[in-house]
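Thanks for coming. I will go through a few parts of one structure, so please look at the screen.

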Amino acid sequence: MAPRTNDGEPERERPASLPAATAPVTETASGEAPGAAPGEAAETADASDTEGSRAAGPAGETGETPESADTDADADRVAAVRRVAAAGRRWRSVQLGACAAMLAVGLTAGAIALGAVRDGGATPVAAAAALSPGLLAGADLSTGIASLQAHLRDQPRDFGGWATLGLAYVEQARTQGDPSRYPQAEQALERSVALRPDNDQALAGRAALAAARHEFGAALAHADRALKQNPYNERALCSRIDALVELGRYEEASAAARTADERRPGVPVFTRYAYVHELRGDVTTARRVLDQALAASTTPGDIAYVATQLGQLAWNQGGYDTALTHYARALAADENYLPALEGRARAQAASGRRAEAIQGLENVVARFPLPGPLVELGELYEARGGEGDAAKAEAQYRLVDAWTALARANGVNADLDTALAAADHGDKAAALHAARAEWDRRRTVHTADALAWALHVNGKDDEALPYARQATATGYGNAALLYHRGVIERATGHPDDARTHLTAALKLNPGFSVLGAREARAALKTLEAAK
């Protein structure tokens, strides 16, 4: 196991680069970046809030009671995957044991040597033991943070430790839906930079923090500074790809992905390749790349992350059983992984198992009240239409407003979240204001879609149509975007185009939204009657 000499972290085992058939595209593509794998300690956007998505569920069905066999099937999926994983861990542990022993010796020696430097005076230090991403990749992130805090009380001039703590706070904000961690992350990263201004760990951490706050211009600038110091910094390489995609600089993002694969091939780069291909409608390649990423995954965090990405890809194509199998794989690795829990609930709803979906989302939002699952749960309440459900739905939408206010108070640009939620369930004028502001900052398929839909709900369909067309121009297979375009085309007097895109949305993913799919079917029925 060769030690890293680039950014102070142990080097991951380097899988082979992606084959030429799966290299990033050079054509213009647009969309929201999928975010870093859990081992990177940061993502560009809440993993649970895939921008442009809505709660799943087939139209015309209300409050179905799932068979007990369905619940048992999901449990059996998870249990079966755990049995296979346990067998794999047994043989892997033999292979990894020697490496772990050597790493432990190396980390101890590094800590001792650097500790001696610390005892000598005011020189900034970087204790290797404090920098291992393994400290933060386990199930209990809070324990890892507590260990880092204790270490920094003992070695307050460990600039690497402060950088790692900052990244850990970013990850905690994401996984726990708590934007108040972002100012703490900023303080820790500033401390690291103050101790060593040119250290790439802190600069990469600043890039991750800026991306998490949706400040993608700043994220790009910090990533470029980090890469100037260390061209092999994985977090900086990945944050650079994300920032370019989110800024609408798609050809540059593709080139950045190729560079990242040459320098640091692995799970974080593979997932970005997959997303670029999905955005241009190349689902086959996206799936193949994610399969390769899953095969390269060894930690529970990476397995849960990649399996969930495969589940989302399957769900986008209407493959609900396949999606449930992938989510089972993710939950076998980490039973509390929020995006997998949310994704499973969406797939259950789309399969007609709404009672399970509601229960699952209620558990999710009780712990992590993020905009995505809040809107999904509210729409499921609306579709169920039982006594008190309207009030329950409204309560979820109000919580979105509360989260948005908290996010903004902690430096997060939440305009896209506001536009997506408010257009359907809130202040329509505010939705349009937020969508315009976000479009001025960055131009992707999702910001185009948000602006088109906000214009539509405000009665500005003629202005909305070009944005709706731009949102679907890359070939990205997203039923919600196709549905929005079809509705706007109908409103602007293009019945044939409307019929085409509404039909395509329902064919692609008939359960893309419990409310949207129902409205799409009603619109198609009206269009057919008018022929």
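E342 and R346 form a salt bridge, with their closest N and O atoms 3.4 Å apart. By salt bridge I mean a side-chain nitrogen of Lys or Arg within 4 Å of a carboxyl oxygen of Asp or Glu. The two residues, E342 and R346, sit four residues apart in helix 13 (residues 338-350), about one turn of the helix. Helices here are DSSP runs of H or I, at least four residues, numbered from the N terminus. An α-helix has 3.6 residues a turn, so residues three or four places apart point the same way. E342 and R346 are both buried, meaning under 20% relative accessible area, where exposed is over 50% and partly exposed is in between, using a 1.4 Å probe and protein chains only.

Before I go on, the sources. This is a predicted model, in which local features need pLDDT of at least 70 and side-chain atom pairs count only at pLDDT 80 or more, while totals for chains, interfaces and linings use all residues. Residues are numbered from 1 along each chain as its sequence is written, and side-chain values use heavy atoms, with hydrogens and water left out.

How many salt bridges does the structure hold? There are 19. One of them joins E356 and R353 at 2.8 Å, N to O, and both of these residues are buried. Another joins R442 and E438 at 2.5 Å, N to O; R442 and E438 are buried too. These two also belong to a network of salt bridges, which links E246, R408, D415, E438, R441 and R442.

Next, helix 16. Helix 16 has 21 residues, 389-409, and at 1.5 Å a residue it should span 30 Å; its end C-alpha atoms are 31 Å apart, which agrees. The expected span is 1.5 Å times one less than the number of residues. Which residues of helix 16 are buried? They are D389, A393, Q396, Y397, V400, W403, T404 and A407. These cover an arc of only 105° around the axis, so they lie on the same side of helix 16. The arc is taken from the directions from the helix axis to the C-beta atoms. On the other side, A390, A391, D401 and A409 are exposed. The buried residues pack against helix 14 (354-367), helix 15 (371-384) and helix 17 (415-425), where contact means heavy atoms within 4.5 Å. Just after helix 16, G411 takes a positive phi of about 85°.
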